[in-house]
Each structure stands twice: as structure tokens, then as C-alpha cells.
Amino acid sequence: MEPINQLIQRNRHWAQRVKRDNPTLFEELARGQAPDYIWIGCADSRDPPNVIADLGPGEIFVHRNVANLAVPGDLNCMSAIYFAVVVLKVPHVVVCGHYRCGGVEAVVEDQPLGVVDRWLHPLSQLYDAHRLKLDRIEDIHEREDRLCELNVIHQVRNVCSMPAVRDAWTHGRKPAVHGLMYRLDDGLLHDLNISVNATEQVEDTIRAAIDRVLGDDANGS
Ligand code: CO
């Protein structure tokens, strides 16, 4: 069978199964959505948010791109966050990165990826900013893992600076912004413990998280 027909056939089976398990779900979803989360994740085929967080249709609003970037000025990402936070009033914004991210590997290993190099420029800048410490890590996978984490921390800071989030915080709504990491080799999500829901929490939380990743924690924890 043609791959595209396989997709359609799998969809028919899925829709039948969903309808059998929850006969009114499609009618409810056709009336509107009220997800609890917006997820900013990597486009990688191995970390589909609905699947790894075990959520059904209507439960998570999703924006994905190469290397889970949330760059201020990216109209696509800013629109998704605006729609979720301002229109749908989602209470949780999740930035999720994953280890072994091809975007991060391309930056650290200096692999040319055509037009993607331009997209990954903010990630290159982030690598440069922490290069002295990162390049001291001999194992390249470990170095890349740390940049994967720094990237999520940095994108959480970016999300917190976006007008949709800042305005919500200023006007008394408290959408929380979270940073998670996903491991491909065991299918588990890990909390980077950088959840914030107020402007004054952001810089201290981000700075402490960067110190934890780069091993600068004064308490040694
Ligand atoms: Co990736």
C-alpha cells in the first residue's frame, strides 16, 4: 500500500477506536479547546508530546521546531504562545528539550546543515557564550547534553520575556513556565526545576539553573 494510504487507513482505525472509547469526544472537540498546556518542543520524530505525555486530542497545544527554540521575534513561535496564553489562557507553558538533539549536535560538532545553520544561529551564540566551560567537558555527548539543558533554560528565559507571558503576569494571571528534558534512551521526562510564574523569579532561577548545569553551584549540590 502507498504510504499515504497507510496514513489514511491508520487514521480511520484510530478514529473508530477513539469514538468507541469516548463516543462524544469528537463532538466536544469540534466545539472548542481548553488545553492545560502549551508545549514548545523539538520537531524530532522521537519526542511527540501527545505520545510521551500520554495526552489525547484537545489536551496540549503544540509548537515544535528544530532544537525547540523560542526566539523573541520569531513570529511563528510568538503567535503560538500568544494564542495559547492570551486566547486559550493555558495555565502551563512547557519548554521541552531532548538529549541527542540533532540541532545541538550540529552546533557542537560544527556540521553544516544548509538553511538550518541560520535557524540554529541563536543556539551557536549560546554555545559561544558558555564555550569556555563546555569545551572543558571531554566527552562530546556529555558536552552536547549540557548544551541541550542550557538551551531549554535559555528558551524558558526567552518565553518569560515575551509580551504574552509578561502581560499575563502583570495583569494577575499566573501562567507558569517550565523547562523539561526528555531522554530518548528510556522515554522519561525530567524536570529542570526552573518553573517560574512571576517576572521577579526569572533571573535568579535561570542563573541558578545555569550554575547547576555548568557545575558552578556553590553548595556542590
Ligand atoms: Co532535537
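This is a predicted model: local features need pLDDT of at least 70, side-chain atom pairs count only at pLDDT 80 or more; totals for chains, interfaces and linings use all residues.
A residue is called buried here when its relative accessible area is under 20%, exposed when that value is over 50%, and partly exposed in between. In helix H7, which spans residues 121–129, the buried residues include Leu123, Leu126 and Tyr127. Seen down the axis of H7, the buried residues fall within an arc of 100 degrees, so they line one face of the helix. Among the elements that cover these buried residues are helix H5 (102–108), helix H8 (131–134) and helix H9 (140–161).

Another residue of helix H7 is Pro122, which is partly exposed, with a relative accessible area of 25%. When residues up to four places away in sequence are not counted, Pro122 touches Leu69 and Val71.

The chain is divided into domain 1, covering 1–32, and domain 2, covering 35–219, and the centres of the two domains, taken over C-alpha atoms, are separated by 31 Å.

Next comes the sheet. Its 5 strands form an open sheet in the order E2-E1-E3-E4-E5, with mixed pairing. At the edges stand strand E2 (60–65) and strand E5 (189–191), each with a single partner strand, so one side of each is left without a neighbour in the sheet. Neighbouring strands of this sheet are turned against each other by 25 degrees on average, direction ignored. Strands of a sheet pair through backbone hydrogen bonds, and the pairing may be either parallel or antiparallel.

Looking at the pairs in turn, we find that E1 and E3 run parallel and are joined by 5 bridges, and that Ile40 stands opposite Val95 in E3. Helix H4, residues 75–87, packs on the sheet and touches E1, E2 and E3, while its direction makes about 170 degrees with that of E2. E3 and E4 also run parallel, joined by 7 bridges, and here His92 stands opposite Ala176 in E4. The pairing of E4 with E5, in contrast, is antiparallel and extends over 3 bridges, with Tyr182 opposite Leu189 in E5. The hairpin of E4 and E5 has 6 residues between the strands, and in this hairpin Gly187 takes a positive phi near 75 degrees.

Strand E4, residues 176–182, is mostly covered, since 7 of its 7 residues are buried. Both faces of E4 are covered, with Ala176, His178, Leu180 and Tyr182 buried on one side and Val177, Gly179 and Met181 buried on the other.

The buried residues of H4 are Cys77, Ala80, Ile81, Ala84 and Val85. Seen down the axis of H4, these residues fall within an arc of 110 degrees, so they line one face of the helix. They pack against E1, E2, E3, H9 and helix H10 (163–170), whereas Leu75 and Asn76, on the other side of H4, are exposed.

The last stop is the metal site. The cobalt ion is coordinated by Cys42 through SG, His98 through NE2 and Cys101 through SG, at 2.1 to 2.3 Å. In sequence these donor residues are spaced C-x55-H-x2-C. Cys42 lies in strand E1 (residues 37–42) and His98 lies in strand E3 (residues 92–98), so the pair ties together parts that are 56 residues apart in sequence. Both Cys42 and His98 are buried.

Asp44 is buried, with a relative accessible area of 15%, and, leaving aside its neighbours within four places in sequence, Asp44 is in contact with Arg64 and His98.

Terms used. Residues are numbered from 1 along each chain as its sequence is written. Side-chain values use heavy atoms; hydrogens and water are left out. Domain bounds come from an automatic or database domain assignment. Donors are N, O and S atoms within 2.8 Å of the metal (3.2 Å for Na, K and Ca); water is not among the atoms, so sites may look incomplete. Helices (H or I, at least four residues) and strands (E, at least two) are DSSP runs, numbered from the N terminus. Buried means under 20% relative accessible area, exposed over 50%, partly exposed in between (1.4 Å probe, protein chains only). The arc is that of the directions from the helix axis to the C-beta atoms. Contact means heavy atoms within 4.5 Å. Two strands pair if DSSP finds at least two bridges between them. Axes are lines fitted to C-alpha atoms, for helices over the stretch in contact, and angles run from 0 to 180 degrees between N-to-C directions.
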